Amino acid sequence: MPAKVTLWTDYVSPYAFVGKAGAYELERDYDIALEWRPYTLDIASFQQSVEARDSHHWRRVRYAYMDARRFANKQGLTLKGPKKIYFARPVNAGMLYAQRHGVFRKYNDSAFERFWKRELDAESVEAVEALLIEAGAPAGYAAFLAGEGGVEHDRLRTEAEASGVFGVPTYAFDGELFWGGDRVGLLRERLDEKGVKRR
């Protein structure tokens, strides 16, 4: 039976975007069941609103994007900084709908790529539904988000925080958290120590 690894992610996080390839490689290399889960960051709550940020915060933000672009460039990815702070509940809950309809990988790749090219409004239910349909899912996402999908998204966010998640990407394996794409090496070590088979 494959070992369970959970990956908490957010489409509007540059570090989740550049960490996606590492997650695919992990899944390819190990006999694991990698469960992708949305964790919608409330950015203003920990980085303050744009209006309230001081020069120290802006230096940190500029550095974070510079660093993420380095990783993006290594992968041939386009990473354009967003023009506003997004609350990405619609696009992140879209992950759950895509999984339900067997089009997760196509949706996952498209949602990340288009958001970071500034071609997708992460807050637009209509834009997310169009992307889901393009990926092969049936219509009906808006109703899903307004009902059980929105409830499930919010439940998962609470579950993530109760387990200690505070940022993305975060992997959870055997009661341990590994935050950031640069911690995948540590997770690989732990998988090896636990005897998880390599494919």
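Where is Pro 169 found? Pro 169 sits in the loop between α8 (148-162) and β3, and the views below take in that spot and a few others. This is a predicted model, in which local features need pLDDT of at least 70 and side-chain atom pairs count only at pLDDT 80 or more, while totals for chains, interfaces and linings use all residues. Residues are numbered from 1 along each chain as its sequence is written, and side-chain values use heavy atoms, with hydrogens and water left out.

View A. For background, most peptide bonds are trans, and most residues other than glycine have a negative phi.

**View B. β3 and β4 make a hairpin.** Strand β3 (residues 170-173) and strand β4 (residues 176-179) run antiparallel and are joined by four bridges. Strands here are DSSP E runs of at least two residues, helices are H or I runs of at least four, both numbered from the N terminus, and two strands pair if DSSP finds at least two bridges between them. Tyr 171 stands opposite Phe 178 in β4. Two residues separate the strands, and Asp 174 in the turn has a positive phi of about 50°, although Asp 174 is not a glycine.

**View C. Arg 118 is another non-glycine with a positive phi, about 65°.** Look for Arg 118 in the loop between α5 (104-116) and α6. Its relative accessible area is 45%, so Arg 118 counts as partly exposed (buried is under 20%, exposed over 50%, partly exposed in between, using a 1.4 Å probe and protein chains only).

**View D. Helices α4 and α6 pack together.** α4 (residues 89-100) meets α6 (residues 125-135) at an angle of about 30°, with the axes 10 Å apart. Axes are lines fitted to C-alpha atoms over the stretch in contact, with angles from 0 to 180 degrees between N-to-C directions. The two helices are therefore roughly parallel to each other (angles under 35 degrees). On the α4 side, the contact (heavy atoms within 4.5 Å) uses Pro 90, Val 91, Gly 94, Tyr 97 and Ala 98, and on the α6 side Val 125, Val 128 and Leu 132.

**View E. The largest nonpolar core has 59 residues.** Such a core is a set of buried Ala, Val, Leu, Ile, Met, Phe, Trp, Tyr and Cys residues joined through side-chain atoms within 4.5 Å. Ile 32, Val 91, Tyr 107, Tyr 171 and Leu 191 have the most contacts inside it. Leaving aside residues up to four places away in sequence, Leu 191 touches Val 5, Leu 26, Tyr 30, Ile 32, Phe 173 and Val 196.

Notes: Angles under 35 degrees count as roughly parallel, over 145 as roughly antiparallel, 65 to 115 as roughly perpendicular and the rest as oblique.
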